Amino acid sequence: MRIVFAGTPEPALPSLRRLAASDHDVVGVVTRRDAPLGRKRVLTPSPVAMLADELGLPVVKTDRLDDSATSQIAQLQPDVGVIVAYGGLVREPLLSLPPHGWINLHFSLLPAWRGAAPVQHALIAGDRVSGVSVFQLVPALDAGDVFARQPYDVPRGATAADVLADLAEVGAATLADVVGAIADGTAVSRPQEGEASLAPKLSLGDGLLDFSQGADAVLDRFRGTTPEPGAHTSIGGARLKVLDALRGPDVEQPAGVIRLVGKQVLVGTADGTIVLRAVQPAGRGAMPAADWWRGLRAESLAVDA
């Protein structure tokens with residue numbers, strides 16, 4: 001079967017590798033244009049573009065699947081389109097161009113967490129079970145019939161980066177099975193069941209930690225916003241990124257108050273403490289939280305309300 005693959009970031013790589021190594025023919029790869037990265041803003045190809053080049057696959061670089069992109073994809077004569085975190089919408093007439101349409105690997109158990117940031121929202125909400133879904137792309141957001149779902153138990157303490165890396169591997173295998181079933185005519189899809197929840201793209205403000213909540217809720221938000229958009233708090237009007245944190249002892253400490261207890265930097269919450277293990281003060285590099293605290297020469301501080 002002739003496949004056009006659309007994807008951009010690193011979590012799409014296991015799926016592209018798996019399909020490229022299969023008996024099917026990946027006839028083209030669609031990805032977003034090179035983007036400026038780093039302090040020097042050097043134009044850099046997407047992870048998918050770099051892998052496609054390594055595999056010797058033709059690449060279409062576009063930020064919009066417009067008429068021009070549709071024309072280029074049509075020339076490849078795909079039987080099916082596969083999309084994994086491309087970062088753009090597939091609309092008509094491109095949606096109906098391949099005979100089998102487009103299938104999408106989504107990093108949630110649909111209809112839970114439809115949208116751009118399913119893993120992050122699932123962790124923030126405290127979900128302990130996540131998973132992947134492979135579904136038929138339709139005009140409505142992540143609403144198509146589902147070919148396959150694979151549950152995944154979220155490891156304790158895992159961040160969004162950790163979970164997404166795991167789901168990328170789980171999803172690649174699930175996606176390959178669905179593509180194979182479509183090719184041999186045995187694929188069966190079913191309508192989504194249950195109440196849908198939404199997972200829009202996160203903003204910087206979504207990473208603000210509210211220490212008036214319980215410790216579990218604070219850590220869920222930390223895990224869901226690490227590494228992007230980044231968990232943080234504010235002290236004296238200055239932003240402090242929280243790079244590593246875990247549950248601390250249930251000692252008496254007011255919510256939002258930071259103290260050094262033994263060798264641990266503790267922040268009080270509504271029901272216990274959080275240990276800050278690594279932080280990044282504004283305008284400085286990452287450092288162990290204990291080193292940051294010693295430089296402040298304070299007995300205690302309170303985060304900004």
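**Figure 1. Asn 104 and its contacts in a predicted model.** Leaving aside neighbours within four places in sequence, Asn 104 is in contact with Ile 83, Ser 133, Val 134, Phe 135, Leu 137 and Asp 142; contact means heavy atoms within 4.5 Å. Asn 104 belongs to strand 7. Helices (H or I, at least four residues) and strands (E, at least two) are DSSP runs, numbered from the N terminus. With a relative accessible area of 10%, Asn 104 is buried. Buried means under 20% relative accessible area, exposed over 50%, and partly exposed in between, with a 1.4 Å probe and protein chains only. This is a predicted model, in which local features need pLDDT of at least 70 and side-chain atom pairs count only at pLDDT 80 or more, while totals for chains, interfaces and linings use all residues. Residues are numbered from 1 along each chain as its sequence is written, and side-chain values use heavy atoms, with hydrogens and water left out.

**Figure 2. Strand 8 and its two partner strands.** Strand 7 (residues 102-106) and strand 8 run antiparallel and are joined by 4 bridges. Within this pairing, His 106 stands opposite Ser 133 of strand 8. Strand 8 is also joined to strand 9 (residues 146-153), by 7 bridges, and these two run antiparallel. Here Val 134 has Ala 148 of strand 9 as its bridge partner. Two strands pair if DSSP finds at least two bridges between them. Strand 8 is largely enclosed by the rest of the structure, because 6 of its 8 residues are buried. In a regular strand, side chains alternate between the two faces of the sheet.

**Figure 3. Gly 131 in strand 8.** Gly 131 sits in strand 8, which covers residues 129-136. Gly 131 counts as buried because its relative accessibility is 0%. Not counting residues up to four places away in sequence, Gly 131 touches His 106, Phe 107, Ser 108, Leu 109, Gln 150, Pro 151, Tyr 152 and Leu 167. Between Gly 131 and Asp 166 there are 35 residues of separation in sequence, and their C-alpha atoms are 9.6 Å apart in space.

**Figure 4. Ser 197 in a loop.** The loop between helix 5 (160-184) and helix 6 contains Ser 197. Ser 197 counts as partly exposed because its relative accessibility is 23%. Residues up to four places away in sequence aside, Ser 197 touches Pro 111, Ala 112, Trp 113 and Arg 114. Arg 114 and Ser 197 are 83 residues apart in sequence, yet 6.2 Å apart from C-alpha to C-alpha. A polar atom of the Ser 197 side chain lies 2.8 Å from the backbone nitrogen of Trp 113.

**Figure 5. The second largest pocket.** This pocket has a volume of about 360 Å³. Of its 17 lining residues, those closest to the centre are Arg 156, Gly 157, Leu 219, Arg 223 and Arg 247. Helix 6 (215-224) and strand 11 (238-247) are the elements that give two or more residues to the lining. The lining divides into 7 nonpolar, 2 polar and 8 charged residues. On a 1 Å grid over the protein atoms alone, a pocket is an open set of points where a 1.4 Å probe fits, with protein on both sides within 12 Å along at least five of seven lines; lining residues have an atom within 4 Å of a point.

Notes:
Grid points are joined across faces, edges and corners, and a volume is the space filled by probe spheres set on the points. Ala, Val, Leu, Ile, Met, Phe, Trp, Tyr, Cys and Pro count as nonpolar, Asp, Glu, Lys and Arg as charged, and the others, Gly among them, as polar. A polar contact is a pair of N or O atoms within 3.5 Å; within protein, one must be able to donate a hydrogen and the other to accept it, and residues adjacent in sequence count only if both atoms are side-chain atoms.
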